[in-house]
Amino acid sequence: MKKQNNTKKKKNVKPKDSNREFYRIMYLFSGLFLLLCGYLCYFLIFESREVINNPYNLRQETFERKIVRGEILSSDGEILAETLITDNGEEARFYPYKEMFAHVVGYSQNGKTGLEQKYNFELLTSDIPFYEKLYREFMDIKNPGNQLVTTLSVKLQQAAYEALGEHRGAVVVLEPSTGKILAMVSKPDFDPNTIVTDWERLINSDSADGILLNRATQGLYPPGSTFKILTALEYMREYPSAPENFSYECNGIFSYNNAEINCYHGKSHGNLDFIGAFEKSCNGAFAYMGSDISISDFYDLCESFLFNTELPFPLAYKKSSFLLTEESEDWELVQTAIGQGKTTISPLHNALITATIANGGILMQPYLVSEIQTAYGQQVKQYLPSVYKRLISPEEAAALTKLMTSCVTEGTGYALLSDSYTAAGKTGTAEWDEKKESHSWFVGFAPAENPQIAVSIIMEEAGTGSDYAAPAAKKIFDVFFSDKKK
Ligand SMILES: [Zn+2]
């Protein structure tokens, strides 16, 4: 009995011990597994965003190992940037339109620029379904990053790119009623597909070329006669009856104390009323207006139009400057009134001023991305048009529209005449170096009575605004309106 009991006892002890061992190990591993799951869930939900947001590139690069950088799309879904797998299994960023979108879309190697930089966080975030992310984590497969749907139109970008031709310069096209940037071109350009191999050449290029610089937002130029829009506005504020009563006799030269201003090629415009002075872009008449306005009020007006101020814009840009003060010398006063002197402006800023007039005096917040989507096209975030600020009254916007319409129908903007739409605008021929050809400017919008599109174009060292930038704007408007008809 005793023996039997002993045996029984012995038999019972052994399995009990091994069971205990087994359960202990099982609990330990289950615990570890749950901890791991818990951390993974926590990481995917909370920490991952922190890691991408972290400014230390090393950590961002770590994250790039977990996410395939998302796509950048045009407004109608064309791929502007995507990540492909090369033959040797490596990822490569591919830009199907090569140079055409180079500056605005940017690049993501050797530093980041443009949309690639601004939306780096979104492109390296994956909002695909959670269970799929978890599965991919366990299988060690990268998650596909979110994609950007931009406001950029391939057709208008192409039209703007071609309109600029071989000239250095920039084009900005936007929708005045929403602030959507429809196209943004800068030349000279580069192919972002070969940014790494071309790097040395690009950064060592002649500083005048500044190939990597986005001239649309970072190029600062004298505004030339496009600035007469603001001089005219200040003059109308101080002399409300100017549109009816103003009169100026142009003999080709305007003298003010020790300063002298010539009309283009010394041309005499004869007797001009207010609208005539604007249509013909008479330097003498505008220098005269400049000599007859309050400099501090003019300064305030320019600051209200975002000179010397930050612009509401998501990508890198340079601030425009307006430096005229009561202490400025006479030459600077009259030069500033015709858009020369020390005043500088970016093509983007000139586009925003033009769009404000087109939109009845209200500047809409300019934007480039309308939606963030998952890699499968589901909406993650939407960006809607929003008002930035009213800059001028509806009456002032209407008065400027009238002047700008007349500039096309009767004056230097004649290249914009079309049978299929009306247009309003202002040419500019900005002198910047006595030995070199002027920069050619045009800013304008169409249709004049119900604006749907606004442009700002500068062609460096091209010549007059009438001969170069205005016809370039016409080409862009033609594409826009031919597309509307279909
Ligand atoms: Zn004149």
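A: Start with the residues that touch: Phe286, Ala287, Met289 and Gly290 in α13 meet Leu333, Val334, Thr336 and Ala337 in α15. Here "in contact" is used for two residues whose C-beta atoms, placed from the backbone, lie within 7 Å. Sorted by class, this contact has 6 nonpolar, 2 polar and no charged residues (nonpolar is Ala, Val, Leu, Ile, Met, Phe, Trp, Tyr, Cys and Pro; charged is Asp, Glu, Lys and Arg; the others, Gly among them, are polar).

Bear in mind that this is a predicted model: local features need pLDDT of at least 70, side-chain atom pairs count only at pLDDT 80 or more, and totals for chains, interfaces and linings use all residues. Numbering runs from 1 along each chain as its sequence is written.

Now the geometry. Helix α13 covers residues 283-290 and helix α15 covers residues 330-337; their axes come within 7 Å and cross at roughly 120°. That makes α13 oblique to α15 (under 35 degrees is roughly parallel, over 145 roughly antiparallel, 65 to 115 roughly perpendicular, and the rest oblique). As for the hand, α13 and α15 cross in a right-handed way, with the near helix turned clockwise from the far one by less than a right angle.

And the domains? The assignment, automatic or from a database, gives domain 1 (2-50), domain 2 (67-150) and domain 3 (154-485). The centres of domain 2 and domain 3, taken over C-alpha atoms, are 34 Å apart. Their contact takes 30 residues from domain 2 and 28 residues from domain 3.

How values were computed. Axes are lines fitted to C-alpha atoms, for helices over the stretch in contact, and angles run from 0 to 180 degrees between N-to-C directions. Helices (H or I, at least four residues) and strands (E, at least two) are DSSP runs, numbered from the N terminus.
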